[in-house]
Amino acid sequence: MRTCIHRTLGLLASLWLAAATATAQTSPPASKAPRDFSSPDFGQREFQRSCASCHGTSAKGDGPLVPYLRQSPPDLTRLLRNNQGVFPFQRLYDVIEGGALPAHGSRDMPVWGTQYRVEDAEYHTDSTLPYDPEALVRSRILGLLEYLNRIQLR
Ligand code: HEC
């Protein structure tokens, strides 16, 4: 049953992602579209692409996949308020990257470190240029954290 729910969830997430990517980008194909890691809004774009399906476009936890999750995604604009005014940078990095697993039960939140490593490897399959997978994963997560920090309720 668990596996079944997970499969459905995975399918829904990829369908949502495919639809979102299809509307957001016309050509070239999404997987080969040039990436701009230097854009100041890289974090925001990455959030809308990968996180809004569950956390909502405003990050308040009201994404379209919420009815299919066992646990409600938290409001990501209250991280500062919920932590005595300090942005819990390292904890969030670990949660997003995937190293920080809950003490018990399974998590609904995808493991982004693994996801990004796979995406980056696919992106670079045809390339003869060397790339540093860990640096790419780090830059994507740092971009997300920079965006999350910007949208905190102060
Ligand atoms: C499939 C739904 C889903 C997607 C997609 C998703 N999340 Fe989550 N997220 C959750 C759920 C549910 C939780 C609550 C804990 C759990 O179940 O793992 C959570 C928890 C979190 C937390 C922990 C907050 C805290 O205070 O502990 C952070 C940070 C977070 N998500 C960030 C992100 C980011 C950034 C992305 C995109 C890269 C993302 N999430 C994509 C469902 C999702």
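**Ligand shell**

I began with the shell around the ligand, whose residues divide into 16 nonpolar, four polar and two charged. For these classes I count Ala, Val, Leu, Ile, Met, Phe, Trp, Tyr, Cys and Pro as nonpolar, Asp, Glu, Lys and Arg as charged, and the others, Gly among them, as polar. The model is predicted, so I note that local features need pLDDT of at least 70 and side-chain atom pairs count only at pLDDT 80 or more, while totals for chains, interfaces and linings use all residues. Residues are numbered from 1 along each chain as its sequence is written.

I found 22 residues surrounding the ligand, and the closest are Cys51, Cys54, Arg107, Asp108 and Met109. A residue is near a molecule or strand here if its C-beta atom, placed from the backbone, lies within 6 Å of it. Helix 3 (52-55) and helix 4 (89-97) each supply at least two residues of this shell.

I then looked up Pro110, which is in the loop between helix 4 and helix 5. Pro110 and Cys51 are 59 residues apart in sequence, with 9.5 Å between their C-alpha atoms. Pro110 counts as partly exposed because it has 17 C-beta neighbours inside 10 Å. My cut-offs are 20 or more other C-beta atoms within 10 Å of a residue's own for buried, 12 or fewer for exposed, and partly exposed in between, with C-beta atoms placed from the backbone.

**Whole chain**

I counted six helices and zero strands in the chain. From the N terminus on, the order is α-α-α-α-α-α. Helices (H or I, at least four residues) and strands (E, at least two) are DSSP runs, numbered from the N terminus. Of the 154 residues in the chain, 14% are buried. Among contacts in the chain with a separation of 6 or more, 50% come from residues 24 or more positions apart. Two residues are in contact if their C-beta atoms, placed from the backbone, lie within 7 Å.

**Helix 6 and its partners**

I took helix 2 (residues 42-50) with helix 6: the axes come within 7 Å and cross at roughly 95°. That angle makes helix 2 roughly perpendicular to helix 6. Axes are lines fitted to C-alpha atoms, for helices over the stretch in contact, and angles run from 0 to 180 degrees between N-to-C directions. Angles under 35 degrees count as roughly parallel, over 145 as roughly antiparallel, 65 to 115 as roughly perpendicular and the rest as oblique. On the helix 2 side I listed Phe42, Gly43, Gln44, Glu46 and Phe47, which meet Arg140, Gly143, Leu144, Glu146 and Tyr147 in helix 6. By class, this contact of helix 2 with helix 6 has four nonpolar, three polar and three charged residues.

Tyr147 is buried because it has 21 C-beta neighbours inside 10 Å. Leaving out residues up to four places away in sequence, Tyr147 touches Gly43, Gln44 and Phe47. The C-alpha atoms of Tyr147 and Phe42 are separated by 8.3 Å, with the two residues 105 apart along the chain.

Next I took helix 4 with helix 6, whose axes come within 10 Å and cross at roughly 130°. Helix 4 is therefore oblique to helix 6. Their crossing is right-handed. A crossing is left-handed if the near helix is turned anticlockwise from the far one by less than a right angle, and right-handed if clockwise. Phe89, Leu92, Tyr93, Ile96 and Glu97 of helix 4 make the contact with Ile141, Leu144, Leu145 and Leu148 of helix 6. The residues of this contact divide into eight nonpolar, no polar and one charged.

Helix 5 passes helix 6 in a right-handed crossing. In helix 5, Trp112, Gly113, Tyr116, Arg117, Asp120 and Ala121 meet Pro133, Leu136, Val137, Arg140 and Ile141 of helix 6. I sorted the residues of this contact into seven nonpolar, one polar and three charged.

**Positive phi**

I looked up two residues in the loop between helix 3 and helix 4, Ala59 and Gln84. Most residues other than glycine have a negative phi. Phi of Ala59 is near 70°, a positive value, and phi of Gln84 is near 50°, also positive. Ala59 is buried, with 23 other C-beta atoms within 10 Å. Gln84 is exposed, with 7 other C-beta atoms within 10 Å.
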